Amino acid sequence: MCDSSVVTRAQKDLNYRSIINGAFVNSCDGSSICTLARIFYGDDLVSVNGPEIFEEYIRHPYKQVILGNTIDIVEKVRKKMKSTGLDDDHIEHMDLPFCKVDDFNYQSIADEINKQGYDIIWVSLGNPKQEIFMSRILKYLDKGVMFGIGAALNFYVGEVSLPKAHIGSLKFIWLTRLFEDKRQWKASWDFLKIIPSLYLNERKKARTIQSTEKST
């Protein structure tokens, strides 16, 4: 799920960019990115953020596991599900060691996942750690779909607020997070700095696509 921080990092870190580009699907988890895309590629594009995807699929009876985050947050997820009449028997949590991404025992973690046969694997480690984690564990997994969801669980249980206001495709999750996490100020500034180059590159791509379509 690509938000502004993922896009910003992908401009500077080519290895990280290859991981993002190698994903089966990348959803637009940033309304600002969606707004830029709509300028070039059409008005029907919408952003779908991590909390929305998590809330949609957590209600379905697929066998699911949450990797990372905290036991406390996972218990709050269960409590909210039960309070809304949802069964949580299909949800499990696998606590991961607090370590650098290079130090995970990917084979061991995958063996446990494979033994349980999960259909959906939620990875809540934050970027860039979760994307690197998923790219490295993928070759050991027998089945299942992985989602990198960052703080989606925290939004789901209300630990972080999810504003309802929007103007067109622009939502204001980023504005809320600015006042809840001081690190977001630098992240937002870094994203603002790359917008001009993103705009110029995407405009060039859009014109190339339009020219190709007209000639065929």
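Student: Which residue in strand 2 is the bridge partner of leucine 67?
Tutor: That partner is methionine 94. Before we go on, this is a predicted model, where local features need pLDDT of at least 70 and side-chain atom pairs count only at pLDDT 80 or more, while totals for chains, interfaces and linings use all residues. Residues are numbered from 1 along each chain as its sequence is written, and side-chain values use heavy atoms, with hydrogens and water left out.

Student: What do you call a strand or a helix here?
Tutor: Both are DSSP runs numbered from the N terminus: helices are H or I with at least four residues, strands are E with at least two.

Student: OK, how many bridges link strand 1 and strand 2?
Tutor: Strand 1, residues 64–68, pairs with strand 2 in the parallel sense over 4 bridges. Pairing needs at least two bridges found by DSSP between the strands.

Student: What's the strand order in the sheet?
Tutor: The order is 2-1-3-4, in an open sheet of 4 strands with parallel pairing. Strand 2 (91–94) and strand 4 (145–148) have a single partner strand each, so one side of each is left without a neighbour in the sheet. On average, neighbouring strands are turned by 20 degrees against each other, direction ignored.

Student: Which strands does helix 5 touch?
Tutor: Helix 5 (residues 71–83) packs on the sheet and touches strand 1 and strand 2, with its direction at about 175 degrees to that of strand 2. Contact means heavy atoms within 4.5 Å. Angles run from 0 to 180 degrees between N-to-C directions, and axes are lines fitted to C-alpha atoms, for helices over the stretch in contact.

Student: And which strands does helix 7 lie across?
Tutor: Helix 7 (residues 129–137) lies across strand 1, strand 3 (120–124) and strand 4, and runs at about 165 degrees to strand 4.

Student: New topic: how many salt bridges are there?
Tutor: The structure holds 7, counting a side-chain nitrogen of Lys or Arg within 4 Å of a carboxyl oxygen of Asp or Glu. One of them joins arginine 78 and glutamate 75 at 3.8 Å, N to O. Those two residues both sit in helix 5, 3 residues apart, about one turn of the helix.

Student: What's going on in the backbone at proline 128?
Tutor: A cis peptide bond, with omega of about 10 degrees, joins asparagine 127 to proline 128. Proline 128 is in the loop between strand 3 and helix 7. Asparagine 69 is worth a look too: its phi is positive, about 55 degrees, although it is not a glycine. You'll find asparagine 69 in the loop between strand 1 and helix 5. Most residues other than glycine have a negative phi, and most peptide bonds are trans.

Student: Back to helices: at what angle do helix 6 and helix 7 pack?
Tutor: Helix 6 (residues 106–116) and helix 7 pack at about 75 degrees, their axes 10 Å apart. They are therefore roughly perpendicular to each other. The scale is under 35 degrees for roughly parallel, over 145 for roughly antiparallel, 65 to 115 for roughly perpendicular, and oblique for the rest.

Student: Which residues meet there?
Tutor: Tyr106, Ile109, Ala110 and Ile113 from helix 6 meet Phe133, Arg136 and Ile137 from helix 7.

Student: Last one: at what angle do helix 1 and helix 2 cross?
Tutor: The axes of helix 1 (residues 4–12) and helix 2 (residues 14–21) cross at roughly 125 degrees and come within 6 Å. These two helices are therefore oblique to each other.
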